[in-house]
Amino acid sequence: MKITMAHGSGGKATSELIAGIFEKHFHNPVLARMEDSAVVPGAERIAVTTDSFVVTPLFFPGGDIGRLCVCGTVNDLLMSGAKPQYLTCGFILEEGAETEDLEKITASMAETAKEAGVSIVAGDTKVVEGYGGIYINTAGVGFVPAGVDIRSSYCKKGDVVLVSGNLGDHHAAILSERMKITNTIKSDCAPLGEMVNALLEAGVQIRSMRDVTRGGLGTVLNEFASASNCRIELIEEKLPVSAQVRGFCDILGLDPLYMGNEGKMTVVVAPEDAEKALACMKNSRYGENAAIIGSVVSEGYGEVLLRTPIGGTRIVTVLYGEGLPRIC
């Protein structure tokens, strides 16, 4: 069945869509009340985020827009040290969208939310004219434990920079699908709760933490360097990139430092905790390729440098222009 304007009318067709797809997959006691707002237990300190997902194609190797929207929102909460608890989701459906696709996406969201330990407690659906597209807006709420304070401006000289795994997988998977390039590259789309919790429970002194999405690692670390007014130096040969993605980059002239990911994070930690942090990441799900990739070498500069294998250095700037439209 295809989505029609009647599914956005608020009448019988809307009710049938909610009951037949959304309520079936997202069912929980809070959502089941079907009120205009969800009433949930709270905490003194909360983290709140929102995001919109317009990825094309909707289904790609390693994931789909449903898994992507949960991972993206949950990971944003985790990067402040919060424990994600609740999500809301708003669907913008174009006329002609297939309800079979919508149900697959909804089921994927429910499965990923279960993996991430969050509840989808509220939602909305709108239908617009179009050509069968599906877009999702999410909001997320998490609780920040007492004593946790993680900010981009906390990097200090001597701190160590880590990344949780191979760079560029999501970017390469999406681009391969669009260009009909045959390979086995899969998106890294994943919730990072187990990894972040391991770092916090081990008492690692986390200065700054961010998931590496649009703009890539180069852009994220420039944001750290600017906020902390420090110079970060990376070691090129330490950057983890799979052989397939590296070959893909060589063919198309891409740089893994600026490629988007959806299941990777970078973290800056106190130097005495670097090895502990690395062990926590490697022993967590999705962290087997984690690596120490550099350090904060000085203060007062606000820049990122890359040391090459032949001993040279180059400046790593933020991404200029659009790396890949509709990647998330």
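A: In this predicted model, the second largest pocket has a volume of about 240 Å³. Its lining consists of D51, G72, D76, R210, D211, T213, R214, T219, V220, E223, E262 and C328. By residue class, this lining divides into seven charged, three polar and two nonpolar residues. Three elements, α3 (65-78), β8 (206-211) and α7 (216-228), each supply at least two of the lining residues. The largest share, three residues, comes from α7.

Helix α3 lies across β1, β4 and β6 (134-143), and runs at about 150 degrees to β1. These strands belong to an open sheet of four, ordered β1-β6-β4-β5, in which the pairing is mixed. At its edges stand β1 (46-53) and β5 (119-128), each of which pairs on one side only. On average, neighbouring strands of this sheet are turned by 15 degrees against each other, direction ignored. Within the sheet, β4 (residues 83-94) pairs with β5 in the parallel sense over nine bridges; L87 has I120 in β5 as its bridge partner. Helix α1 (residues 12-26) also packs on this sheet, where it touches β4 and β5, and its direction makes about 155 degrees with that of β4. In the loop between β1 and β2 (59-60) lies P57, which is joined to T56 by a cis peptide bond with an omega of about 0 degrees.

The strand that contributes to the lining, β8, belongs to another sheet. Seven strands form this open sheet in the order β8-β10-β7-β11-β9-β12-β13, again with mixed pairing. Because β8 and β13 (313-316) stand at the edges with a single partner strand each, one side of each is left without a neighbour in the sheet. Neighbouring strands here are turned by 25 degrees against each other on average, direction ignored. Strands β7 (residues 160-163) and β11 (residues 291-299) pair in the antiparallel sense over four bridges, and V163 has A291 in β11 as its bridge partner. Helix α9 (residues 274-282) packs on the sheet and touches β7, β10 (265-269) and β11; the direction of α9 makes about 10 degrees with that of β7.

The loop between α9 and β11 holds S284. S284 counts as buried because its relative accessibility is 6%, below the cut-off of 20%. Leaving aside residues up to four places away in sequence, S284 touches E194, M195 and A198.

Returning to α7, the loop between this helix and β9 (230-235) contains N229. N229 has a positive phi of about 50 degrees although it is not a glycine. With a relative accessible area of 42%, N229 is partly exposed. R326, found in the segment after β13, likewise has a positive phi of about 50 degrees without being a glycine. R326 is partly exposed, at a relative accessible area of 37%.

In summary, the lining of the second largest pocket draws at least two residues from each of α3, β8 and α7. Of these elements, α3 lies across β1, β4 and β6, whereas β8 is an edge strand of the seven-stranded sheet.

Methods:
Residues numbered from 1 in each chain as written. Predicted model: local features only at pLDDT ≥ 70, side-chain atom pairs only at ≥ 80, totals over all residues. Heavy atoms only, no water. 1 Å grid on protein atoms, 1.4 Å probe; cavity = no way out; pocket = protein on both sides within 12 Å on 5 of 7 lines; lining within 4 Å. Points joined across faces, edges and corners; volume = space filled by probe spheres on them. Nonpolar A, V, L, I, M, F, W, Y, C, P; charged D, E, K, R; others polar. Pairing = 2+ DSSP bridges. Axes fitted to C-alpha atoms, helices over the stretch in contact; angles between N-to-C directions. Contact = heavy atoms within 4.5 Å. Buried < 20%, exposed > 50% of the residue type's maximum accessible area, 1.4 Å probe, protein only.
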